[in-house]
Amino acid sequence: MFSAENTWNEIEDSGVMVAVVPIGATEQHGTNLPLSTDTLLAVPLAEALAERLGAYLVPQMPFGQSEGWLAYPGTVSLSTDTLRAVIGDIVRSLAVNGFTMVVFLSVHGGNDIIADMLGPLEEAYPSVRLIYADMVRVFEKATTAAGVPMAVHADECEASMLLALHGELVGPHPTDNPAPPGGYPRGRARDVSPRGSFGEPSKATKAKGQRIWDAIVPMIVADVVEQLFDGRDGKSQIA
Ligand SMILES: [Zn+2]
């Protein structure tokens with residue numbers, strides 16, 4: 001695996017063709033999880049993936065699209081146009097310097113709009129295969145395997161995963177607020193959940209988090225490897 005701690009010529013000499021880009025978020029996560037939660041969860045997943053692929057792990061983007069949480073102080077959101085421009089520039093840069101596959105990975109649902117940005121970019125840069133890792137499907141399987149409710153936001157799943165990785169960042173005062181059926185209302189989140197959680201972070205434990213990590217890492221690796229190399233959408237491998 002390579003990272004921004006390598007030199008450019010180490011990357012060139014290695015012949016590495018795959019880049020993995022973790023896209024985070026800076027947004028409220030209830031009363032006991034940090035604003036950086038989604039970044040802190042995306043980075044180790046991207047790292048595990050880069051490790052498995054022998055890829056270049058690009059430094060994480062700390063911002064994503066978090067418009068729904070702007071009423072909570074500390075949240076920073078990129079507009080769709082800005083996010084599209086950033087993703088475009090990352091792809092353009094990596095295409096110009098020779099990468100042939102770029103995998104974007106985010107655990108934040110607001111960033112799923114990136115998936116729709118990749119088609120036009122593949123047309124603009126036909127030498128590069130672009131993947132947006134499907135974390136919804138992976139989270140569904142991993143949380144089921146771990147016996148924890150599917151992640152919504154600042155809930156038992158996210159709090160457990162963070163406890164397993166960065167227990168020192170999980171505060172002592174979770175606020176439970178079961179997620180409403182059909183998800184949370186965009187733009188009115190603070191009316192529905194004044195303290196920001198959509199789930200029961202008080203039920204989080206380190207052991208549950210470890211079970212989720214144990215399940216999710218091989219799942220995301222398998223999922224992305226399948227997309228990259230089996231051409232599920234009909235595209236063949238670009239070696
Ligand atoms: Zn989150």
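This is a predicted model: local features need pLDDT of at least 70, side-chain atom pairs count only at pLDDT 80 or more; totals for chains, interfaces and linings use all residues.
Residues are numbered from 1 along each chain as its sequence is written, and side-chain values use heavy atoms, without hydrogens and water.

**Zinc site**
- His 29 (NE2), Asp 38 (OD), Glu 158 (OE) and Glu 158 (OE) coordinate the zinc ion at 1.9 to 2.8 Å (donors are N, O and S atoms within 2.8 Å of the metal, or 3.2 Å for Na, K and Ca).
- The angles among the four donor atoms are 51 to 141°, and the site is irregular.
- The spacing of the donor residues in sequence is H-x8-D-x119-E.

**Helices α2 and α8**
- Helix α2 (residues 37–53) and helix α8 (residues 206–229) have axes that come within 10 Å and cross at roughly 55°.
- α2 and α8 are therefore oblique to each other (angles under 35 degrees are roughly parallel, over 145 roughly antiparallel, 65 to 115 roughly perpendicular, the rest oblique).
- The residues of this contact (heavy atoms within 4.5 Å) include Leu 41 and Arg 52 of α2 and Trp 213 and Phe 229 of α8.
- By class, the contact of α2 with α8 has 15 nonpolar residues, no polar and one charged.

**Helices α6 and α8**
- The axes of helix α6 (residues 156–166) and α8 come within 7 Å and cross at roughly 90°, which makes α6 roughly perpendicular to α8.
- The contact of α6 with α8 divides into eight nonpolar, three polar and three charged residues.

How values were computed
Axes are lines fitted to C-alpha atoms, for helices over the stretch in contact, and angles run from 0 to 180 degrees between N-to-C directions. Helices (H or I, at least four residues) and strands (E, at least two) are DSSP runs, numbered from the N terminus. Ala, Val, Leu, Ile, Met, Phe, Trp, Tyr, Cys and Pro count as nonpolar, Asp, Glu, Lys and Arg as charged, and the others, Gly among them, as polar. Four donors count as tetrahedral if all angles lie between 85 and 135 degrees; four count as square planar and six as octahedral if opposite donors are over 155 degrees apart and all others between 65 and 115; anything else is irregular.
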